[in-house]
Amino acid sequence: MSALLQVNANGLYCAVGAFYIDPWRPVPRAIVTHAHSDHAHWGCAAYLCSTPCQSVLRSRVGSDSNIEPRPYGESFDINGVRISLHPAGHILGSAQIRVESRGEVWVVSGDYKLEPDSTCTPFEPVRCHTFVTESTFGLPIYRWGAPSETAADMNAWWKSNQQSGKASVLFAYSLGKAQRVLAAIDPAIGPIFGHGAVEKLNRIYRETGIALPETHYAGSAPAATDWSRALILAPPSAHGSTWIRRFGTVSTAFASGWMRIRGTRRRRSIDRGFVVSDHADWPGLITAIDATGAECVLVTHGYRAPLVRWLCEHGRNAKALETRYDGERDEGTESETPEPDSPDPDPIPQVPA
Amino acid sequence: MRAFAQLFTALDETTKTNEKIAALTAYFASVPPADAAWAIHFLIGRRPKRLIETRKLVEWAVAEAEIPDWLFGESYQAVGDLAETISLLLPAPTTSSELPLHYWVEERLLPLKEWDDAKRRESLVTAWRAMNERQRFVWNKLITGGFRVGVSQSLVVRAMAAVSGVDAAVLAHRLMGDWMPSVEFYERILAKESADADVSRPYPFFLAYPIEGPIDALGDIHHWQAEWKWDGIRAQLIRRQWRTFLWSRGEELITERFPELEALGGLFPEGTAVDGEILPWKNGMPLPFAQMQRRIGRKVLGPKILADVPVSLLAYDLLEWGGEDVRERPLEWRRETLEQLVSATKSTGRIVLSEPVNTASWGDLTTLRREARARGVEGFMLKRKGSSYRVGRKRGDWWKWKIEPYSVDAVLIYAQPGNGRRASLFTDYTFGVWDGATLVPFAKAYSGLTDEEIRKVDAFIRRNTIEKFGPVRSVRPELVFELAFEGIQKSSRHRSGIAVRFPRMARWRTDKKPEDADTLETIRALIAGA
Ligand SMILES: [Zn+2]
Ligand SMILES: [Zn+2]
């Protein structure tokens, strides 16, 4: 008797339904929790995702991809397996995938968070027998403060940079984090500019109906622009690159859950760290897992071992699940790959030989 | 505590000197003198010894955080810093406190030494409950004796000078020696006129920068006094009010460690201060520095070690004479007077003049410098004639001109995580060199790479781990680094049979393959040449 979902060389596979969830290789049929690159691999023959995820996913896996959108909460069948998508609160369109076969229910959460975020639909607990959870920040040292306080800190940093004549360069992952930061800060303080990679996603968010303050593409700003009043949003890969030079004297900051640890901030030689994450903190993970009522918990990403042990000590049947998901990496996939400074849609990814 | 924690945060979040001075100045201008005195004490690196056993501190923190021990261990592993781990794990504060720094230090920190465990625990837990994460972090650093922040003494002095209008060099001198932080102390150091009380107080050391650019850019060699640069313990020997004080550069009073020099000081005239280098010295010759390390390692100095490894003071300069501060007098005057002092006391065999090395040209001096290794010195010190003895590290009048370090190409074979801010990265490496077809561990090095390079090497290690032994990983031998080091000698304690001094990574040799690395044989040849 094999499990409803199993990890094989390509990803998390449902043999009964003949589909994958978040495969890490091109497969015939993929259900995708969200469009971050460690969950949405290019080159699959057919994709299925939540309706609000569709445009973002298309920008990531190629405009001529075969993508089938489904609204949150609607059930449908694939080869006799009952499936529905439920909000994960991680980024725009992020979904937990509920899979049911012969009365057995699994939920694959992808990445999720419980904090309020106006740029995506809030996390919704789904009852199940087996819950596949992330553990990117699966240690009790990771606890997020009130989003309003972090926003106030970012505003204060921006204003104080204006007073000392420095441009404010804030690094944030271009999909999800940048938009969440945008929605949180006070646009009355000054003009906001974006790196091309950020601007491209801002546009998709706006087209999907998410309200964001006005931003300008930094690359087409006139030469005489006074950057000292500006906030510039850029992907972490732009840190230390020549792209930054155009802004003159800058103060740099990084918005990431990892900024909770002093060493990670200092190592990156960043002036400020703001603790902002798209992932659940330790109390968030425990709350979400409890709310599913799951008998069995499978843990992916990050700090698998401590979370598994803690869950087992608290009477749950928990196991680590080996996947290739990265989560919000300190030295992450997104930051290592320089993103092109173009606000236009990317060319279709090349298939390597 | 709130203001001090904010100051810490401000200093911690910038690398820019003017921003640090601005933060310090704002702090000194706004806090009561009793707080400022303690802040100076901690900022310039003086700290109480560890007041509490780590084991107990962790036990109380774990209980307060209501987590199992193993989860504390996992958290510590991820953070890499005990004080920070505790501050991140404790529950949110239940109250807040406006009590000033001197209250926390005098009423809550220093008494920890005398209290029993129950009282200590209660005091710590109530302190934690009244502090936010930043305050707790600083507090935990203070009670574990690990407080450190990225400011030099000279930045602190500059900020104090800005607040008080007192000359920075005067302030620096007043901060030396033995003092207890108090209102009186703070008022005394900031006073326009000083009535100096501390009889033991040393002068700030004048430190040299390494020479930049070609040597002949210094101009006419006759304007310079060259001396060999020795590698021992830089120190000041002071005689005042019929007592002798020996200070290390780290501002530690080390008189008792060197009874020979204490006796020597007894022969100095009243009111004398000599700057020099302590060297293990026997039969008119320096001994290898390893001998000195043997001596330093001893808790009790028995007659045997004193006879085996006697020390001498290699006299560099004269700072006080007849009770007068003579640092502003020209080099020639100080030198002449120093020579008189040395010739009057050299029969003890415990003082040696650092002789000027006279050559006709920079070319001749360069030739002579090649003998440095054979003579057991690090190169030359160059001092401008007519110059005064200045405070701290200054460019222009004094330069050090060291010989090129040894260098060896070696292969990365083991790695382990660093400490503190480097704890989540593999930063501590062991390098191997070829002994036939195997790589034998040769040296460990931690420094010399940029943050960017460290990140790349870290990623390589994670992808190329062969085996894990606790925190240590053996790594596929692929990366080659050029290691630089200062000294080399035989050692029975090392598997390679060789010990090196101050090894560091000079360059990542991405152009080299492991088979291009050096062999034990070529390295042994370096010892022969040393
Ligand atoms: Zn994600
Ligand atoms: Zn993920």
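**Two zinc ions and a chain contact**

Q: Which residue bridges the zinc ion (ligand 1) and the zinc ion (ligand 2)?
A: Asp111(A) does, and the two ions lie 3.8 Å apart. Keep in mind that this is a predicted model.

Q: What coordinates the zinc ion (ligand 1)?
A: His34(A) and His90(A) through NE2, His36(A) through ND1, and Asp111(A) through an OD atom. The distance is 2.2 Å.

Q: How are those donors of ligand 1 spaced along the chain?
A: The pattern is H-x1-H-x53-H-x20-D.

Q: And the angles at the zinc ion (ligand 1)?
A: They run from 89 to 168° among the four donor atoms, and the site is irregular.

Q: Now the other one. What coordinates the zinc ion (ligand 2)?
A: His39(A) and His301(A) each give NE2, and Asp111(A) is listed with two OD entries. Distances are 2.0 to 2.4 Å.

Q: Why is the arrangement around the zinc ion (ligand 2) irregular?
A: Because its four donor atoms subtend angles of 56 to 130°. A tetrahedral site would need all angles between 85 and 135 degrees.

Q: What about the sequence spacing for ligand 2?
A: Its donor residues follow H-x71-D-x189-H.

Q: Where do His39(A) and Asp111(A) sit?
A: Both are in loops of chain A. His39(A) is between β4 (29-31) and β5 (46-50), and Asp111(A) is between β10 (104-108) and β11 (130-133). So the pair ties together parts that are 72 residues apart in sequence.

Q: Switching topic. How many residues does the contact between the chains take?
A: It takes 24 residues from chain A and 27 residues from chain B.

Q: What area is buried between chain A and chain B?
A: About 2,400 Å², with carbon and sulfur atoms giving 48% of it.

Q: Which residues of chain A lose the most area to chain B?
A: Ile141(A), Arg262(A) and Arg267(A). Together they make up 27% of what that side buries.

Q: How many salt bridges are there between chain A and chain B?
A: Five. Arg262(A) and Asp12(B) meet in a salt bridge through their side chains, at 2.8 Å from N to O.

Q: How many residue pairs are in polar contact across the interface?
A: Nine, with both residues at pLDDT 80 or more.

Q: Which helices supply the side of chain A that touches chain B?
A: α5 (262-267) and α7 (304-313) each supply at least two residues. The largest share, six residues, comes from α5(A).

Q: What classes of residue are on that side of chain A?
A: There are 13 charged, eight nonpolar and three polar residues.

Key:
Residues are numbered from 1 along each chain as its sequence is written. Chains are lettered from A and ligands numbered from 1 in the order in which they are written. This is a predicted model: local features need pLDDT of at least 70, side-chain atom pairs count only at pLDDT 80 or more; totals for chains, interfaces and linings use all residues. Side-chain values use heavy atoms; hydrogens and water are left out. Contact means heavy atoms within 4.5 Å. Buried area is the accessible area (1.4 Å probe) that two parts lose on being put together, summed over both. A salt bridge is a side-chain nitrogen of Lys or Arg within 4 Å of a carboxyl oxygen of Asp or Glu. A polar contact is a pair of N or O atoms within 3.5 Å; within protein, one must be able to donate a hydrogen and the other to accept it, and residues adjacent in sequence count only if both atoms are side-chain atoms. Helices (H or I, at least four residues) and strands (E, at least two) are DSSP runs, numbered from the N terminus. Ala, Val, Leu, Ile, Met, Phe, Trp, Tyr, Cys and Pro count as nonpolar, Asp, Glu, Lys and Arg as charged, and the others, Gly among them, as polar. Donors are N, O and S atoms within 2.8 Å of the metal (3.2 Å for Na, K and Ca); water is not among the atoms, so sites may look incomplete. Four donors count as tetrahedral if all angles lie between 85 and 135 degrees; four count as square planar and six as octahedral if opposite donors are over 155 degrees apart and all others between 65 and 115; anything else is irregular.
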